[in-house]
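Subject: Model for you to look at

Hello,

Here is the structure I said I would pass on. My notes on what was found follow it.

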Amino acid sequence: MKIITTIRKILFGVLWLTVAVLPGILSICVLHIMQTHQAAAEYYAVHIFPILSAPVKFFSSQVPISLTEFCVIFLPPAALFWLGAVIFRFIHSERKSRFIYRFTLFLCLLFSFMMLSFTCMHGINYSRKSLEESFSIPSESRSSEDLEEVTQWLVSMIRQTRADLPEDENGCMMLQTDLSLTFRDANTAMNQAASVYPVLSGSYVTIKPVALSHYWSYTGITGMYTPFFGEANVNIDVPDFELPLTICHELSHTRGIAREQDANLAGFIACISSDRTDFQYCGYQFAFLYCASDLASVDPDAYQEICEGLPDGIYRDWQQSSDYWAQFEGPTEEISSQANDTYLKANNQTEGVASYALVTNLIVEYYFTYVKGA
């Protein structure tokens with residue numbers, strides 16, 4: 001009888017462990033299945049994700065501080081303290097097997113919660129249609145002349161928007177408003193873009209400025225979307241002209257745009273759709289850097305000629321950015337970049353961190369489809 005009771009307890013324990021870990025395993029399976037079922041992923045991103053993510057984003061928006069930053073600062077020491085307490089209790093436990101079982105059950109539940117949260121709040125969206133498909137942008141092989149035309153257009157828009165922007169004592173561009181209004185206007189810019197491109201639609205999200213942004217710059221990161229909180233975090237220590245695009249990029253993640261090249265395109269479109277000149281300038285100079293880099297590799301002479309048309313102010317802005325980021329170069333940035341590369345590849349972005357640069361082709365096709373073709 002005692003043997004039967006022991007077997008029942010073991011089976012009952014295994015059953016609960018299975019129930020605890022099953023949601024996490026199923027979440028991983030769903031991510032792999034969605035990679036080959038784009039239509040299902042698109043349906044989820046458009047119809048289900050906005051509903052599931054709404055309460056998470058609402059709760060996060062009510063908290064004035066960055067929950068992500070709070071966890072990064074306080075979770076490691078708290079986890080070490082908790083682990084020490086667990087070890088102490090295990091050593092003094094009279095029923096060690098029961099203690100191990102409960103600890104394992106907790107880890108299974110934690111694993112399932114993390115995987116389920118990531119899958120629902122971000123993971124599935126990696127498998128949805130690209131913005132290139134959603135915008136019906138044709139995928140064509142463009143000539144260097146086409147790339148030159150787009151780059152020249154960006155220069156003309158840079159000259160037009162940079163001229164009236166406020167500058168600091170070093171002649172570098174400044175935001176037209178304080179950060180709080182800039183954050184609100186970024187949501188407005190996304191909504192203005194969504195009025196033309198409904199795929200960019202989404203609810204208002206409170207942008208979270210990272211308090212320790214200066215130290216965060218050692219990782220080389222300007223913004224981060226945290227799926228577990230539906231939170232868009234922004235490094236506010238960077239030069240002003242880098243902020244609008246970064247904010248809109250992170251906002252696009254909260255609206256179900258997962259791929260980095262798509263988020264870059266969404267950020268660009270939001271910036272140039274804004275009523276604010278500083279947003280527009282940020283978007284155009286962002287696009288110029290990518291397009292000009294590609295043009296320089298295929299037609300250096302055309303690149304040099306086009307650059308002569310850039311206003312002096314943009315060179316001051318770029319120098320400010322170069323000087324700023326130079327002080328943070330080191331192993332921390334390299335480790336962060338490698339971690340991001342691994343994360344992106346694990347989520348079906350086979351190019352890794354290089355996927356950010358894929359936005360060049362999207363910008364080129366966007367120009368010919370929606371700007372020149374309008």
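Two strands count as paired if DSSP finds at least two bridges between them. Helices (H or I, at least four residues) and strands (E, at least two) are DSSP runs, numbered from the N terminus. With that in hand, the sheet can be described below.

First, the provenance. This is a predicted model, in which local features need pLDDT of at least 70 and side-chain atom pairs count only at pLDDT 80 or more, while totals for chains, interfaces and linings use all residues. Residues are numbered from 1 along each chain as its sequence is written, and side-chain values use heavy atoms, with hydrogens and water left out.

Overall

The protein has 15 helices and three strands. Of its 374 residues, 44% are buried, where buried means under 20% relative accessible area, exposed over 50%, and partly exposed in between (1.4 Å probe, protein chains only). Accessible surface comes to about 19,100 Å², and carbon and sulfur atoms hold 63% of that; areas come from the Shrake-Rupley method with a 1.4 Å probe, and for residues only the protein chains shown count as cover. A contact means heavy atoms within 4.5 Å. Among contacts with a separation of 6 or more, 75% are between residues 24 or more positions apart.

The sheet

The three strands form an open, mixed sheet in the order β1-β3-β2. Its edge strands, each pairing on one side only, are β1 (208-209) and β2 (223-226). Helix α3 (residues 67-91) packs on the sheet and touches β1, β2 and β3, with its direction at about 75 degrees to that of β3. Axes here are lines fitted to C-alpha atoms, for helices over the stretch in contact, and angles run from 0 to 180 degrees between N-to-C directions.

β1 and β3 (residues 231-234) run parallel and are joined by two bridges; P209 stands opposite V234 in β3. β2 and β3 run antiparallel, with four bridges, and Y225 has A232 as its bridge partner in β3.

T246, in helix α9 (residues 243-254), is buried at a relative accessible area of 9%. T246 touches T222, G223 and V234, leaving aside residues up to four places away in sequence.

The cores

A nonpolar core is a set of buried Ala, Val, Leu, Ile, Met, Phe, Trp, Tyr and Cys residues joined through side-chain atoms within 4.5 Å. The largest has 67 residues, and V150, L200, L265, F268 and F288 have the most contacts inside it. Helix α11 (residues 277-298) gives the most to this core, ten residues. Apart from it lies another core, of twelve residues, including A41, Y44, M121 and A258. L265 touches L131, F135, V359, L362 and I363, again not counting residues up to four places away in sequence.

R276

R276 sits in the loop between α10 (260-273) and α11. Is R276 buried or exposed? R276 is buried, with a relative accessible area of 9%. Its side chain makes a polar contact of 2.7 Å with the side chain of T177 and another of 2.6 Å with that of D278. A polar contact is a pair of N or O atoms within 3.5 Å; within protein, one must be able to donate a hydrogen and the other to accept it, and residues adjacent in sequence count only if both atoms are side-chain atoms.

Regards
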